[in-house]
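Student: I'd like to go through this one with you, strand by strand and then the core. Could you put the structure up?

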Amino acid sequence: QVRLVESGGGSVQAGGSLTLSCAASGSDYFIGWFRQAPGKEREFVAAIGWGIGTPFYGESAKDRFTISRDNAKNAVHLQMNSLNPEDTAIYSCAATRLWGAVKEAQYESWGQGTQVTVSS
């Protein structure tokens, strides 16, 4: 299994931006970002493959978040703009060999998660 380590979480005021990073111990994985707010189910945010960098976005991320990859460093970044309190959650990256995976159950490896808190 690939090891994943997230970084870049923190606290920000509404309207602000944060960039999350996911460092993978291996390459050629489809990497996804999910988030889970207190009392809610885990939600798909965005995902991207290694070879062809076609991004996939969940509804909450469209037009505000941008996912990108750095193949040389086996890293994936999630640029989050126009954050609002509803974006407060633990954000986790996950890896799969399944191209285009957008469901939690399709991912085989998970990072420990990083907290994002957006205050109004």
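Student: How many bridges join S7 to S8, and do they run parallel or antiparallel?

Tutor: Bearing in mind that this is a predicted model, S7 and S8 run antiparallel and are joined by 6 bridges. Within S8, Leu78 is the residue that stands opposite Ile67.

Student: And what is the strand order of the open sheet?

Tutor: The order is S1-S3-S8-S7, four strands with antiparallel pairing. The edge strands, S1 and S7, each pair on one side only, and the twist from one strand to the next averages 15 degrees.

Student: Which residues are the bridge partners of Glu6 and Cys22?

Tutor: Glu6 has Cys22 of S3 as its bridge partner, and Cys22 in turn has Val76 of S8 as a partner. As for the strands, S1 (residues 4–7) is joined to S3 by 4 bridges, while 6 bridges join S3 to S8, and both of these pairings are antiparallel.

Student: Why is S3 said to be largely enclosed?

Tutor: Because 5 of its 7 residues are buried, S3 is largely enclosed by the rest of the structure.

Student: Switching to the core, which residues touch the most other members?

Tutor: In the largest nonpolar core, which has 28 residues, they are Ile31, Trp33, Leu78, Met80 and Tyr91. Among the elements that give two or more residues to this core are strands S3, S4 (30–36), S8 and S9 (89–96).

Student: What does Ile31 touch, leaving out residues up to four places away in sequence?

Tutor: Its contacts include Cys22, Ile67 and Val76, as well as Leu4, Trp50 and Tyr107.

Technical notes
Residues numbered from 1 in each chain as written. Predicted model: local features only at pLDDT ≥ 70, side-chain atom pairs only at ≥ 80, totals over all residues. Heavy atoms only, no water. Core = buried A, V, L, I, M, F, W, Y, C linked by side-chain atoms within 4.5 Å. Buried < 20%, exposed > 50% of the residue type's maximum accessible area, 1.4 Å probe, protein only. Contact = heavy atoms within 4.5 Å. Pairing = 2+ DSSP bridges. Axes fitted to C-alpha atoms, helices over the stretch in contact; angles between N-to-C directions.
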